[in-house]
Amino acid sequence: NLDPMTLLSRAWATFQTRPKLLVPMTLLFGSVVTAQNWGDEGSGDDIALAKMIALAVGGLIFFVIKLSIAGPLRAGYDMALLRITKGDQSVEVGDFFAGFHKVVPLAILGLLHGSIITAGMLCLVVPGVVLALGLWPCYLLAMEQELSPIDALKAAWRLTQGHKLALFWLVIASFGAIVVGLLALVVGVFIAAPVVQLAWINAYEELRQASAADNQLQATL
């Protein structure tokens, strides 16, 4: 069941069990992973060629470092939310960094995932959206099943096969929830953000259960 309202309703119920953990953990995740803006000083003749090259190289290095860190952080954050969704009461803020126990493969996964999505977005946006929807569970699959970066991306694509339109509607519903949070004197977004993240974790669980049921059915035929 990938109905957005059902997923968000479940997410809200889960949020109410651990709000004091979910709010700071989501704020920490957002502050570390969100891309930072790089301002340009001057334009045209005001910037020397050497400075332009330095900015380009610096931007590339920042992009690589950001994606390398984002992988382990995303994996740890998603895994913590999955455990909370399953009723694990032992989850704490420190679990946010659990992905660093597998820092090398998850950093590689972050680089591959981010580069693929970026390349897709450069191709008239639509391919990037399709790729983002198809590959988003890769970090959870890498954590849960001990998959290599390539295998995690392949498994994510298989898991979301045939469900991308339903996931797109969840994107729209998630955006709407964030807007409502912003309209609620802005502070509402501190609640809306973790609820949205939990909704996506619920979607992952639905896809995993459906996949397991399909595999079991095929095994009996």
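Trp12 and Phe15 both lie in helix α1 (residues 4-15), three residues apart, or about one turn of the helix; helices here are DSSP runs of H or I with at least four residues, numbered from the N terminus. The model is predicted, so local features need pLDDT of at least 70 and side-chain atom pairs count only at pLDDT 80 or more, while totals for chains, interfaces and linings use all residues. Residues are numbered from 1 along each chain as its sequence is written, and side-chain values use heavy atoms, with hydrogens and water left out.

The structure holds eight aromatic pairs. Rings of Phe, Tyr and Trp (its six-membered ring) pair if their centres lie within 6.5 Å; planes under 30 degrees apart count as stacked, over 60 as edge-to-face and the rest as tilted. Trp12 and Phe15 form a stacked pair, 5.7 Å centre to centre with 20° between the planes. Trp12 is partly exposed at 40% relative accessibility, whereas Phe15 is buried at 5% (buried means under 20% relative accessible area, exposed over 50%, partly exposed in between; 1.4 Å probe, protein chains only).

The ring centres of Trp136 and Trp200 are 5.0 Å apart and their planes are at 80°, so this pair is edge-to-face. Trp136 lies in the loop between α5 (126-135) and α6 (138-145), and Trp200, 64 residues away, in helix α9. Both residues are buried.

Conventions. Helix = DSSP H or I, 4+ residues; strand = E, 2+ residues; numbered from the N terminus.
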